[in-house]
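Please look at the sequence and the model before reading the points below.

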Amino acid sequence: MTRNDDVVLAVRDVTKSFGGLEIMKGVNLDLCRGERHALLGPNGAGKSTMFNLISGEFPPTSGTIELQGRVISGMSPEAINRAGLARSFQITNLFARLSALENIRIGVMARHGIRFNLLRRVSRMKSINAESMQLLERVRLGHRADTPAGDMTYSEQRSLEIGMTLATGADVILLDEPTAGMSREETAYIVDLIREVTTDKTLIMVEHDMSVVFGLCDRISVLVYGKILATGTPDEIRNNREVQEAYLGEEAA
Amino acid sequence: MRYKLPLIALLLIALVAVPPLFGGGVQYALVNALIASLFAAAFNLLMGQGGMLSFGHAAYFGIGAFAVLHLMQAVEYGYMGVPTVLLPLAGGLAGLIGGLFAGYFATMRAGVYFSLVTLALAELLFSLAPHWEGIFGGEAGLSSMRMPWLGFNFGTTLEVYYLTLVWVVLCLAVLYAYTLTPFGRLTQALRDNSQRIRYMGYNAHTTKVVVFAISTTFAGIAGGLMAMSNETANYSIFSTHISAEVVLYTFVGGSTVFFGPIIGASIFTLFGFVVSGATNAWLLYQGLIFVLVMLFAPKGIGGLIQAHIDQRHRLPWARLPLPYAVLAGGGVFMSLAVVFFIQSFEHVLSNRYQAVVARTGEWPDYHLFGASWDPLSPVTWLVPLILFVPGVIIVRKAAARIHEMWEGQGADVEKSEAAPATSGGH
């Protein structure tokens, strides 16, 4: 189904145990270049654990994760980010006292390798600031540039969260429930935004809202009790009996 | 920010021109205020900018002081030729090395655990120092003398003051510039969310160690200036008291504003200079002020000033002075009552007074505020009560009025949370 050279993120037989409890029981997943992939699954299925494994929060117990052909499992979050993968968080996770622009700029600085620079004024770094502003406008927050992130509305913070994830220039983007806690209208808005800003990226997102997933994503993987039950196009997933029983059926009932 | 530069220029001119008008005692107090300001600003780089509350910054202040004393001794005995004006650099270097080492371990943990590790490291030094005579000079400590340089012999307090002033102003300028650099911004991001920066490509641990070490470098310079000014130091410089004092300065001054800790350190040092001569209870007063500020203006003095600057276009300036003056007046009433109470106790409970009581069986009158008071007369204790009760009423009324004015201006209510004293006033 997938041509190997097109796989940007490969999860191979990954298991993860906490104490004696095996949360991930041998997960395999291929992410193709440019696709939008959704990770579905009931609560406790291991979706967050999966994201934490991929992004380096903790290493897998066994198995490997490869990013663009390079093994990233066991690397630190910052090293994985530099290798070209960025994630957002389910719970809003920003720099609350910094302005919206600065939240983005921290990422843009990292992208350009500006980490321990103590000799320049950040306000005079024209290209960094221009790039940050451009990105802020892409997530439609240009008018809020000077507002402290902590003072913004929840949906604005979610947009900013996406902007920060893009800011480090990663090609592979992990979004953890980007529409969590949003109204229908806000969800539609953010889905539209995600579609727009991930055009030439590879996206994998955790999402609960079926309509979001079916409308936005090219492929879906269903995770149940630490195993991938099925991977396929939205139509394939919709018509998969196992999936219906394990997950969708419950919702339909 | 147009008002900032002229204000700083004015302050600098005052700092240069005014001290010669005073005697050595005041000049010495000013030297200490300058050093405390630098120490607090260095501490706040870690606390206010980096979000790491160190309870053991005396360690780096002390290391800096001892490094400078060793260098001064080497110069004094002719082993080396380092100009006196450059001595504090040794303090900075010692602070840097100490900070890199301690910071590497302390920053492995965050929050309370970080604070406790810093506290433990400082305590360790405090208990070891008297025994390591070669380094810290035993219980007596180290002493040396400032050597003349280019015609300055640094013999007078005024000369020491100017040398300290130059160093402190330069260091504060560097610390301020720091906040404007990319790494300075990263430091604040670290404070807000040390987890997130890891997912944006930064090594959080390394970043924390660097911030820690920069903070301890400047703390070391401050300690070095102290050693240069006093020409001596002993292990007591590592005591918890010194570590706690800088926390106090920073919180009372306000950690969210760059100049806050400097304001806090200056006020408290000069307060100590004035009040410690008048009463033994001055540390009690210092503690009271700290508690009051934390309760009614948690962002400190600097936070209050910043709130006024932020809201300058919305505040009804013409109508503010009256309630502010009333608030201050009520505050004076309350303060007088509290001071009367505390000072009366200090008199009556003193060993000397109690000895008289034990010998004669009588409670003689004592003198306070230019009058005689009978400790057994109810009238004596009615005085503070009569001052205190109206004071409280006045303060509450004025605070409610001020609160109204802050709230009443426009819909932007959120920001008025920082309004002065008002939250306690209803």
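This is a predicted model: local features need pLDDT of at least 70, side-chain atom pairs count only at pLDDT 80 or more; totals for chains, interfaces and linings use all residues.

In what order do the four strands of the open sheet in chain A lie, and is the pairing parallel or antiparallel? The order is S2-S1-S4-S5, and the pairing is antiparallel.

**The four-stranded sheet of chain A**

- At the edges of this sheet lie S2 and strand S5 (70-71) of chain A, each of which pairs on one side only.
- Helix H1 of chain A, residues 47-55, packs on the sheet and touches S1, S2 and strand S4 (62-67) of chain A. The direction of helix H1 makes about 115° with that of S1(A).
- Strand S1 (residues 7-18) and strand S2 (residues 21-32) of chain A run antiparallel and are joined by nine bridges.
- Within this pair of strands, A:Ala10 stands opposite A:Asp30 in S2(A).
- S1(A) and S2(A) form a hairpin, with two residues between them. In the turn, A:Gly19 has a positive phi of about 65°.

**The six-stranded sheet of chain A**

- Six strands of chain A make up an open sheet with mixed pairing, in the order S6-S7-S8-S3-S9-S10.
- Its edge strands are strand S6 (85-87) and strand S10 (227-232) of chain A, and each pairs on one side only.
- On average, neighbouring strands of this sheet are turned by 15° against each other, with direction ignored.
- S6(A) pairs with strand S7 (residues 172-176) of chain A in the parallel sense, over three bridges.
- A:Arg87 stands opposite A:Leu174 in S7(A).
- Helix H5 of chain A, residues 154-167, packs on the sheet and touches S6 and S7 of chain A. Its direction makes about 155° with that of S7(A).

**Domains of the two chains**

- In chain A, the domain assignment gives domain 1 (1-84 + 171-253) and domain 2 (93-169).
- How far apart do the C-alpha centres of domain 1 and domain 2 of chain A lie? They lie 26 Å apart.
- Between these two domains of chain A, 21 residues of domain 1 are in contact with 13 residues of domain 2.
- In chain B, the domain assignment gives domain 1 (17-270) and domain 2 (311-424).
- The centres of domain 1 and domain 2 of chain B, taken over C-alpha atoms, are separated by 35 Å.

**Cavities**

- Rolling a probe the size of a water molecule over the atoms shows where empty space is left.
- The structure holds three cavities of 30 Å³ or more, and the largest cavity has a volume of about 50 Å³.
- Which residues line the largest cavity? The lining consists of B:Ala41, B:Asn44, B:Leu45, B:Gln49, B:Leu175, B:Thr179 and B:Phe258.
- Helix H2 (residues 24-49) of chain B supplies the largest share of this lining, namely four residues.
- By class, the lining of the largest cavity has four nonpolar residues, three polar residues and no charged residues.

Definitions and conventions. Residues are numbered from 1 along each chain as its sequence is written. Chains are lettered from A and ligands numbered from 1 in the order in which they are written. Side-chain values use heavy atoms; hydrogens and water are left out. Two strands pair if DSSP finds at least two bridges between them. Axes are lines fitted to C-alpha atoms, for helices over the stretch in contact, and angles run from 0 to 180 degrees between N-to-C directions. Contact means heavy atoms within 4.5 Å. On a 1 Å grid over the protein atoms alone, a cavity is a set of points where a 1.4 Å probe fits but cannot get out, and a pocket is an open set with protein on both sides within 12 Å along at least five of seven lines; lining residues have an atom within 4 Å of a point. Grid points are joined across faces, edges and corners, and a volume is the space filled by probe spheres set on the points. Ala, Val, Leu, Ile, Met, Phe, Trp, Tyr, Cys and Pro count as nonpolar, Asp, Glu, Lys and Arg as charged, and the others, Gly among them, as polar. Domain bounds come from an automatic or database domain assignment.
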